[in-house]
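Biologist: Hi, I'm new to this one. Could you bring it up and walk me through it?

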Amino acid sequence: EAQCRKFRPRLAVMTEEAAAKELAIRLQDTSVKVLAGTDALVDAAVIPEAETVVTAVVGMVGLKATLAAIREKKRIALANKETLVVAGELINELAQQYRTPILPVDSEHSAVFQCLAGEVGNPIEKVILTASGGPFRTYTMEQLQTVTKTQALRHPNWEMGAKITIDSASMMNKGFEVIEAKWLFGVQPGQIEVVVHPQSVIHSMVQFEDGAVKAQLGMPDMRLPIQYAFSYPDRVCSSFDRLDFAKCTSLTFEQPDTKRFRNLSLAYEAMFRGGNMPCIVNAANEMVVTAFLRDEIGFLAMSDVIEQTMGRASFVQVPTYDDYVAMKNDKGEPKYKIVSDGSSTANMSAKELGKYVRPYSIVKANNAVFDGYTFAKAYYLYPVPIRQMELLSPDRSVNNSVLYQNPYWPSKTSEPAIE
């Protein structure tokens, strides 16, 4: 409401219908029109007087609006990772067809973009994306088993929204950026490298075929890449903090640990496999991040569910737009059917479900994700009706951390009474 009153846009769009109605009532003394839903996002993206469309909504919900803006030949300032992760090939083809520029807003991709200025015709040997390492960079596997969402939401360098902050902690954010870089800069997966740089001063680098490396440095402040996307090809004077080399006396680099942070390797695997696999990974990640933020799944278990989903989902080598949107419901949320084990469990009794659900299982029921014991506690020991249920990991241990961090589990050997 405050933003609408300050900037007086012609149109404001909310995700939920109820929220839109409430906002409309509050703004009825203004000329701001309030709408809700994916189609309303499209309306906002194609407003005739808009020259630049900033795609910054969280998740895949922004895909349709971005495609519409490209067709209207709007300049796209891309801050939404999922658009290129999910449908990079489709976006690139359409942008070339309509000769629509796509300018990166993400700090890492903006850094690469700035490094490429003046380098037309000079082949890229390698794109080097930097990562802060997140709040758990130095944590052991044992420590990661018990981390909480409160800890994960404390990023050491950047202030971001909840979803992207969790993605940063798990390094899925960096995995998505790797996939984005492929489509933004026309490089092959083997040409994209990730290096951990805890100070977040070097935002990314480009290595050329003669061995020279160009880097973009600056304070960890998103205002600069946002401004550059608007002002390009010009630079506009700003009052942002300047990098002080008298205080910045140490820049360090590390290799990412994909054993502790498996999401990065899963993203690389999805990129190499291509097709709709990045879309599958994105949908699975949205599911597990939501569950983690609700305290329904452990930090390490997120990677396990994503990997399970990659193995179970229907792979499409040459996906169409319909294949992409098939992963979502009408609200733009993941449908999650991709993680079913193939058995029909939706209408089973609790006793029948007990034959399938073991303590280490990961279960989705009534749009929430549980480990096996918590599921048994909620749906077998107590008479909670089951509207829908899917078994994500039926037969083997998904992640021991689910067992160890569960406060209701009395010991490592006991099991709940779900027989």
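Biologist: Which residues is Phe136 in contact with, leaving aside its neighbours within four places in sequence?
Modeller: Phe136 touches Leu144, Val147, Thr148, Gln151, Ala152, Ala169, Arg260, Phe261 and Phe299, where contact means heavy atoms within 4.5 Å. This is a predicted model, so local features need pLDDT of at least 70 and side-chain atom pairs count only at pLDDT 80 or more, while totals for chains, interfaces and linings use all residues. Residues are numbered from 1 along each chain as its sequence is written, and side-chain values use heavy atoms, with hydrogens and water left out.

Biologist: How many residues does the largest nonpolar core have?
Modeller: That core has 56 residues, and Phe136 is among those with the most contacts inside it, along with Val178, Ile192, Ile297, Phe299, Met302 and Ile306. A nonpolar core here is a set of buried Ala, Val, Leu, Ile, Met, Phe, Trp, Tyr and Cys residues joined through side-chain atoms within 4.5 Å. Buried means under 20% relative accessible area, exposed over 50% and partly exposed in between, using a 1.4 Å probe and protein chains only.

Biologist: Which helix gives the largest share of this core?
Modeller: Helix H13, residues 277-293, with nine residues. Helices (H or I, at least four residues) and strands (E, at least two) are DSSP runs, numbered from the N terminus. Apart from this core lies another, of 21 residues, including Ala69, Ile70, Leu84 and Cys279.

Biologist: Switching topic: how many salt bridges are there?
Modeller: The structure holds 21. A salt bridge is a side-chain nitrogen of Lys or Arg within 4 Å of a carboxyl oxygen of Asp or Glu. One of them joins Glu82 and Lys163, with the closest N and O atoms 3.0 Å apart. Glu82 is in helix H5 (residues 81-97) and Lys163 in helix H9 (residues 162-170), so this pair ties together parts that are 81 residues apart in sequence.

Biologist: Is Glu82 buried or exposed?
Modeller: Glu82 counts as buried, at 6% relative accessibility. Lys163 is buried too, at 14%.

Biologist: What about Lys174 and Glu177?
Modeller: Their side chains form a salt bridge at 2.6 Å, N to O. Lys174 and Glu177 are three residues apart in helix H10 (residues 172-185), about one helical turn. Glu177 has a relative accessible area of 0%, which makes it buried, and Lys174 is buried at 5%.

Biologist: Which residues are linked in a network of salt bridges?
Modeller: Glu1, Arg5, Glu22, Arg26 and Asp29.

Biologist: Back to helices: at what angle do H5 and H10 pack?
Modeller: At about 20°, and their axes are 8 Å apart. Axes are lines fitted to C-alpha atoms, for helices over the stretch in contact, and angles run from 0 to 180 degrees between N-to-C directions. On the H5 side the contact is made by Lys81, Leu84, Val85, Gly88, Glu89 and Asn92, and on the H10 side the residues include Phe176, Glu177 and Trp183.

Biologist: Where is Arg99?
Modeller: In the loop between H5 and strand E5 (102-104). Arg99 is exposed, with a relative accessible area of 75%.
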